[in-house]
Amino acid sequence: MSIRENVAQLLREVPEGVLIVAAAKSRSPDEIVEAVEAGISVIGENYVQEAELAFSRIGRRARWHFIGHLQKNKVKKAIEIFDMIETVDSVELAREIDRRCAQAGKVMPVLIEVNSAREAGKAGVYPENAEGLIREIARLSNIRVMGLMTMGPAVTRPEEARPYFAETRELSEHIRKMGLPNVEMRYLSMGMSATYRIAIEEGASIIRIGTRIFGERP
Ligand SMILES: *Cc1c(COP(=O)(O)O)cnc(C)c1O
C-alpha cells in the first residue's frame with residue numbers, strides 16, 4: 001500500500017483527539033511530503049540533522065516533534081525547528097533547553113520520557129523518579145511540561161506492552177493531581193506501529209507511527 005493509503009486508513013481508524021505523529025527516521029523528504037499531503041500534521045524526528053533536511057522542504061506546513069535522544073550540543077538548532085521535545089529525561093537537558101529558549105525568547109513544550117520497563121541503559125527516567133524530575137523542571141521558566149512519553153519494552157506480542165502503558169497513564173494522573181505550577185499533563189505519547197491500538201485503549205493521546213505509514217525501514 002502507498003503512504004497515502006496508509007495515512008488515510010490510520011486517520012479513519014484512530015479516534016478523534018488522538019494525535020498521529022509520523023515517525024520519519026530514515027525516510028526521504030519526498031516520503032515525508034507524501035504523508036503530509038495525505039493528512040499527517042505532525043512529524044517526529046529522531047535526529048536533528050535529518051530534521052533540518054526535511055524541515056527545509058516542508059517548513060511550517062507541518063508541526064515537528066523531537067522523539068530521539070537529544071544531545072546538548074544540538075539543542076540550539078533543535079529549538080529552531082521543533083514545536084515539542086518529547087524526550088526530556090534529565091535536569092541537565094532541561095536546563096540547556098531552558099537556557100537556549102530564554103536566549104531565543106521562546107517557551108518550549110516538552111514531554112518527560114519515562115523508562116516504563118525500567119530497562120538499564122535505555123533512555124527515560126524511571127517511573128519512581130519522574131515526580132522529582134518534574135518538580136525540578138517545573139521551576140524553569142522557558143520550558144513547559146505538557147505530559148509524558150514512553151517507548152515501553154520491545155515485545156513479541158502487542159498485548160505485552162499493556163502494563164507499561166497502563167503504569168505510565170497512572171503516573172501521569174498522579175502527577176496531574178498534584179497540580180504543580182507550569183505542569184499540564186495534557187499529553188500521553190505512547191504506542192508505535194505494533195502497539196498503538198493497545199496504547200489508545202490505555203489512554204494515549206499521541207501515537208508515534210513509522211512502519212505503518214511508510215512501510216518497512218530500508
Ligand atoms: C521509530 C520510532 C517510532 C515508530 O516505530 P514504528 O514501529 O516504525 O512505528 C516511534 N517512536 C520512536 C521514538 C521511534 O524512534
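Author: Here we go through some labels, one at a time. This is a predicted model, where local features need pLDDT of at least 70, side-chain atom pairs count only at pLDDT 80 or more, and totals for chains, interfaces and linings use all residues. Residues are numbered from 1 along each chain as its sequence is written, and side-chain values use heavy atoms, with hydrogens and water left out.

Reader: Okay, why is I213 called buried?

Author: Buried means under 20% relative accessible area, exposed means over 50%, and partly exposed is in between (1.4 Å probe, protein chains only). I213 has 0% relative accessibility, so I213 counts as buried. You'll find I213 in helix α9, residues 211-214; helices here are DSSP runs of H or I with at least four residues, strands are runs of E with at least two, and both are numbered from the N terminus. Between I213 and R4 there are 8.2 Å in space, C-alpha to C-alpha, though they sit 209 residues apart in sequence.

Reader: What makes Q49 exposed?

Author: Q49 has a relative accessible area of 63%, so Q49 is exposed. Q49 belongs to helix α3, and its C-alpha is 33 Å from that of L171, which is 122 residues away in sequence.

Reader: And what about S26: why is S26 called partly exposed?

Author: The relative accessible area of S26 is 37%, so the label is partly exposed. S26 is in the loop between β1 (19-23) and α2 (29-37). R118 gets that label too, because R118 comes out at 36%; look for R118 in the loop between β5 (108-114) and α6 (127-137).

Reader: What stands out about phi in S26?

Author: Phi of S26 is near 70 degrees, which is positive in a residue other than glycine. Most residues other than glycine have a negative phi. Phi of R118 is positive as well, near 50 degrees.

Reader: How do you know that S189 and E86 make a polar contact?

Author: A polar contact is a pair of N or O atoms within 3.5 Å; within protein, one must be able to donate a hydrogen and the other to accept it, and residues adjacent in sequence count only if both atoms are side-chain atoms. The side chains of S189 and E86 are joined at 2.7 Å, which makes a polar contact. S189 is in strand β7, residues 183-189, and is buried because its relative accessible area is 0%.

Reader: Which residues surround the ligand?

Author: A residue is near a molecule if one of its heavy atoms lies within 4 Å of it. The residues around the ligand include A23, K25, N46, M151, G210, T211 and R217. N46 sits in the loop between β2 (42-45) and α3 (48-58) and counts as buried because its relative accessibility is 16%.

Reader: How far is T211 from an oxygen atom of the ligand?

Author: A polar side-chain atom of T211 is 2.5 Å from an oxygen atom of the ligand. An N or O atom in the side chain of K25 is 2.8 Å from a ligand oxygen, and a polar backbone atom of G210 is 2.8 Å from one.

Reader: How much of the ligand does the protein bury?

Author: Taken alone, the ligand exposes 390 Å², and the protein buries 91% of that. Those areas come from the Shrake-Rupley method with a 1.4 Å probe; for residues, only the protein chains shown count as cover.
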